[in-house]
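Please read it alongside the structure shown here.

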Amino acid sequence: MLKLHPYIFILVLLLVQCKRQESTLVEEDRGLARYINPFICTSNDHGQTDVAAGVPFGMIKPCPDTEPIAHSGYDYSAKEIIGFSNTRFSGVGCRGVGGNLRIFPFVASQSDSIPTRVTYSKNSERAVPGAYAVLLDNGVKAELTGTRQVGYHKYTFPKSKFSGLTIDLASSYVGHIAEEHTILDNGVIAGKVTSVNVCRKGQYTFYYAISFNKEITSVSEQNSKLTFSFSTKNDEAVQLLCALSAVSEENAQNTLGKALDTSFEDVKKSAYRQWNKVMGNVQVETGNDTLKELFYTHLYHATQSPFIINDDNGNYRGSDGKLYNSHQNYYHGWSIWDTFRTKLPLFSLVYPERYSEILSSLKQLYKQGKPDWATETEPFLTIRTEHAILVLLEAYKKGQLPFSLGSIYAELKEEAETLPFKSPDNVLESSLDLWALSQISKELGYLDDHKAYKDRAFEYKTLWKEKFLMMDEDADVMHGDGLYEGTLWQYRWFVPFDMEGIQNMVGGQQVFESQLDYFFDNELFNIGNQPDIQVPYLYNYTDSPWKTQALIHKLLNTKTNNWYGTHEKFEKPIFKKIFTNTPDGYIREMDDDAGTMSSWYVWSTMGLYPIFPGSTELALTTPQFDKITIQTKDKPLQIIANGLSSENIYIQQVTWNGAEINTAIVDFNMISKGGILRFELGDKPNKHWGKNK
């Protein structure tokens with residue numbers, strides 16, 4: 001039986017459920033991080049998250065890689081571990097990305113029988129924010145923790161004449177390109193790695209330095225694998241440190257040198273404290289601990305990325321491969337096609353200071369020649385960057401843009417000329433970008449540009465009338481008409497800048513509402529992917545916002561039929577609750593997509609949703625907590641749900657600082673400065689509240 005360090009908070013896993021068993025606390029006051037359950041959404045293809053022992057927005061993510069391997073390396077349902085790698089991107093699609101510098105602790109009888117995988121005791125697995133531990137069936141106890149740039153591995157070996165560590169310098173989830181390494185006189189292994197990026201789009205190169213505190217008997221090298229062998233006494237701990245840099249081997253070695261003086265236990269405590277601090281920006285009150293666990297775990301998933309990649313001296317490399325310096329955190333690891341919908345708006349409310357830094361990093365990305373996907377010279381893992389124009393406009397409207405729009409206007413105009421219009425979804429998404437640029441042009445006083453971009457944006461109507469006005473049986477075909485991961489039914493609603501225009505084209509607001517009814521009654525909605533995740537909130541643009549309240553309650557709290565994966569419609573629906581606190585925490589093929597779906601959950605349970613990207617509009621629905629307190633710069637934002645119960649799911653009245661508001665859509669700038677948003681709830685719809693005026 002694995003005896004864990006007394007500071008680790010124990011998670012005992014029974015079958016496919018994650019149930020907590022409390023042990024000695026990580027901190028005297030364990031704070032809100034105690035509700036984080038890293039095993040949620042880590043099984044098979046039910047979220048693609050991981051149990052990495054990192055810190056918020058950290059560059060390094062030490063974590064087991066399993067066989068079979070998953071998008072983020074770790075699959076809860078797997079029975080074998082092939083090593084413990086140091087990089088990954090939580091929740092992404094294709095085949096994931098990362099898996100670099102995989103460490104495998106072995107116990108063998110002789111040098112020609114070194115294994116490459118090992119089974120492990122499932123009951124011994126423990127994971128809390130910033131720490132992971134497991135007992136391998138070869139007798140090795142593996143423990144992981146980390147700082148922002150350094151992974152701490154501790155392997156406690158049984159007595160053996162032939163034990164050791166294999167370091168795979170060519171490991172990668174997508175594909176290995178090249179590696180260089182040197183074993184220095186002080187025993188440090190230093191080098192660089194180049195790997196293929198997500199969906200085989202571009203590549204990334206970073207630098208590393210690795211050391212461990214054990215006298216070596218022999219060293220061998222084969223196919224970019226270094227094998228260090230030694231003899232061990234019973235319960236002998238070998239500590240390995242892996243430091244990363246986006247800049248150089250020298251910087252990686254400097255980072256490693258600073259880390260050598262900090263103990264494993266101190267790093268673990270510090271990591272936990274950092275997660276506690278990040279969770280503390282939002283406090284939810286409910287008697288339902290399962291709901292708290294889901295909320296804080298999803299907030300935890302959202303804050304895994306983007307990664308802070310600059311070294312302590314401020315140096316970092318850009319996507320153009322050039323060296324830069326920043327006086328503040330520089331973020332990399334973009335997935336904006338996903339995260340502009342929910343996660344970045346969430347950061348604007350909950351983490352405004354980090355949001356400001358992320359926006360500054362986005363500006364620098366434009367100055368480096370931002371492509372839609374990854375370049376051939378990325379400094380670290382990244383995905384895609386479409387719809388950044390919307391992100392910048394939204395930040396400007398919220399008063400949170402830390403630079404002038406004019407300083408980046410030329411780059412935005414250049415990007416607008418490369419927007420794709422090859423398929424119906426391209427037309428809708430690119431039209432939204434053009435609309436955003438028209439608004440930016442207007443703010444800057446370029447009225448001719450404003451008119452030109454606005455006219456181009458509203459040309460979507462020609463395509464919309466052709467492809468989306470009359471929906472036939474082909475409208476429910478995944479990838480029909482060249483669509484990207486969706487159906488015509490799922491994409492047709494994505495014109496948030498012209499809801500009134502769509503309503504007029506279909507025959508008015510009542511027809512629009514009846515078509516929403518048809519969409520949901522016939523189970524055409526796909527919660528498992530991004531193109532239509534805003535649609536449950538579109539009733540707030542009708543006279544029946546109570547239908548959004550009922551629908552969101554259903555999606556959050558009951559089992560539903562789900563027909564769609566990422567690329568196909570299933571022959572039979574998946575009937576399950578969409579969000580559960582289990583390893584299969586999402587429906588099958590529902591990737592978290594860099595925290596996009598986690599953020600959807602967080603927003604929805606708070607009773608708010610950023611329904612219109614590029615604007616300050618927030619749709620209201622019924623909160624799932626009695627009280628939510630968000631720390632803002634001026635005073636706390638309190639969201640109070642009076643009368644909340646499993647039956648009282650309908651809004652009867654809403655007040656802001658005591659004044660009644662009869663609208664289902666409120667302004668971000670009104671609530672972000674703090675105050676009291678109070679919901680009065682009942683068991684029957686108030687069909688007069690919130691009607692679209």
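The secondary structure of the chain, taken from a predicted model, comes to 17 helices and 32 strands. The radius of gyration is 25 Å, close to the 26 Å that the globule rule gives for 693 residues, so the chain is as compact as a globular protein of that length. Taken along the principal axes, the box filled by the C-alpha atoms is roughly 80 × 55 × 50 Å.

**Helix packing: H7 with H9**

- Two packed helices are described by the angle between their axes and the distance between the axes.
- For helix H7, which covers residues 388–397, and helix H9, which covers residues 424–444, the packing angle is about 40° and the axes lie 9 Å apart; H7 and H9 are therefore oblique to each other.
- The crossing that H7 makes with H9 is left-handed.
- On the H7 side the contact is made by Ile389, Leu390, Leu393, Tyr396 and Lys397, while H9 contributes Leu432, Asp433, Trp435, Ala436, Leu437, Gln439, Ile440 and Glu443.
- Sorted by class, the residues in this contact of H7 with H9 are 9 nonpolar, 1 polar and 3 charged.

**Helix packing: H3 with H16**

- Helix H3 (residues 289–302) packs against helix H16 (residues 596–606) at an angle of about 135°, with the two axes 8 Å apart, and that makes H3 oblique to H16.
- The crossing of H3 and H16 is left-handed.
- From H3, the residues Leu291, Leu294, Phe295, His298, Leu299, His301 and Ala302 take part, and in H16 they meet Ser598, Ser599, Tyr601, Val602, Thr605 and Met606.
- The contact of H3 with H16 has 8 nonpolar and 5 polar residues, and no charged residues.

- Strands of a sheet pair through backbone hydrogen bonds, either parallel or antiparallel.

- Another open sheet has 3 strands in the order E25-E26-E31, with antiparallel pairing.
- Its edge strands are strand E25 (608–609) and strand E31 (665–667), each of which pairs on one side only.
- E25 and strand E26 (residues 617–620) are joined by 2 bridges in the antiparallel sense, with Tyr609 standing opposite Ala619 in E26.

**The E23–E24 hairpin**

- Strand E23 (residues 559–564) and strand E24 (residues 569–577) run antiparallel and are joined by 5 bridges.
- E23 and E24 form a hairpin, in which 4 residues lie between the two strands.
- Across this pairing, Asn561 stands opposite Phe575 in E24.

Conventions:
Residues are numbered from 1 along each chain as its sequence is written. This is a predicted model: local features need pLDDT of at least 70, side-chain atom pairs count only at pLDDT 80 or more; totals for chains, interfaces and linings use all residues. Side-chain values use heavy atoms; hydrogens and water are left out. Axes are lines fitted to C-alpha atoms, for helices over the stretch in contact, and angles run from 0 to 180 degrees between N-to-C directions. Angles under 35 degrees count as roughly parallel, over 145 as roughly antiparallel, 65 to 115 as roughly perpendicular and the rest as oblique. A crossing is left-handed if the near helix is turned anticlockwise from the far one by less than a right angle, and right-handed if clockwise. Contact means heavy atoms within 4.5 Å. Ala, Val, Leu, Ile, Met, Phe, Trp, Tyr, Cys and Pro count as nonpolar, Asp, Glu, Lys and Arg as charged, and the others, Gly among them, as polar. Two strands pair if DSSP finds at least two bridges between them. The radius of gyration is taken over C-alpha atoms; the globule rule is 2.2 Å times the number of residues to the power 0.38.
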